[in-house]
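Subject: Structure handover

Hello,

Here is the structure I promised to pass on. Please open it first, then read the notes below.

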Amino acid sequence: MTTVLAPVEGAAVGLAAVPDPVFSAGLVGPGTAIDPLRGPGKAVAPIAGKIMKLHPHAYVIVGDDGKGVLVHLGIDTVQLKGRGFQLLAAEGDRVSAGQPVVAWDPAAVEAGGRSPVCPVVALDALTGAVTGVAEGAVHVGDELFRWD
């Protein structure tokens, strides 16, 4: 079992609350989403592993067991072309769970007309493989869900 930690602080709201049909329908995979606190912060690694993909607005970390977790910082944030995000790690780096990966400001994302809601998705997971999904307030590093 893989324990996936909250990469940002805020309120766990579920994927259905994500204003993007690909995420809200679970097409990317099961998981949940966090409506982050507004203000500058750091998004951390939800699991220990290797950063396989790293963009300013999103990253994928794959654990030693082969399970990959996607963290997407806001919706339509790819359109910002990196503005407002600072990489704190590099693609290919090995990271510990809880290690900072990207600095960003959800308030600035929202001020630019985009949703700062952050989907956290178990990639290639089967339906029902994600359990113990958190609800309500979560702090960075809290258990967000388990992946069996």
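Start with the surface. The chain exposes about 6,700 Å², and carbon and sulfur atoms supply 54% of that area. Accessible areas come from the Shrake-Rupley method with a 1.4 Å probe; for residues, only the protein chains shown count as cover.

Two notes on the basis. This is a predicted model: local features need pLDDT of at least 70, side-chain atom pairs count only at pLDDT 80 or more, and totals for chains, interfaces and linings use all residues. Residues are numbered from 1 along each chain as its sequence is written, and side-chain values use heavy atoms, with hydrogens and water left out.

Overall build:
- The chain has two helices and 14 strands. These are DSSP runs, numbered from the N terminus: helices are H or I with at least four residues, strands are E with at least two.
- The C-alpha atoms fill a box of roughly 40 × 30 × 25 Å along the principal axes.
- Of the 148 residues, 49% count as buried. Buried means under 20% relative accessible area, exposed over 50%, and partly exposed in between (1.4 Å probe, protein chains only).
- Among contacts between residues at least 6 apart in sequence, 69% join residues at least 24 apart. Contact means heavy atoms within 4.5 Å.

One annotation comes from the record. An unreviewed UniProt entry gives "domain: PTS EIIA type-1" for residues 20-124. UniProt positions follow the numbering used here, feature names are shortened, and annotations may be inferred rather than shown by experiment. The span is 10% helix and 41% strand, and its end C-alpha atoms lie 19 Å apart.

Most residues other than glycine have a negative phi. D76 has a positive value, near 65°. K81 is also positive, with phi near 50°. D76 is partly exposed, with a relative accessible area of 40%. K81 counts as exposed, at 72% relative accessibility.

Last, G141. This glycine sits in the loop between strand 13 (136-138) and strand 14 (143-147). G141 counts as partly exposed because its relative accessibility is 33%. Which residues does G141 touch, not counting those up to four places away in sequence? They are L5 and A6. G141 and I47 are 94 residues apart in sequence, yet their C-alpha atoms are 9.6 Å apart in space.

Best wishes
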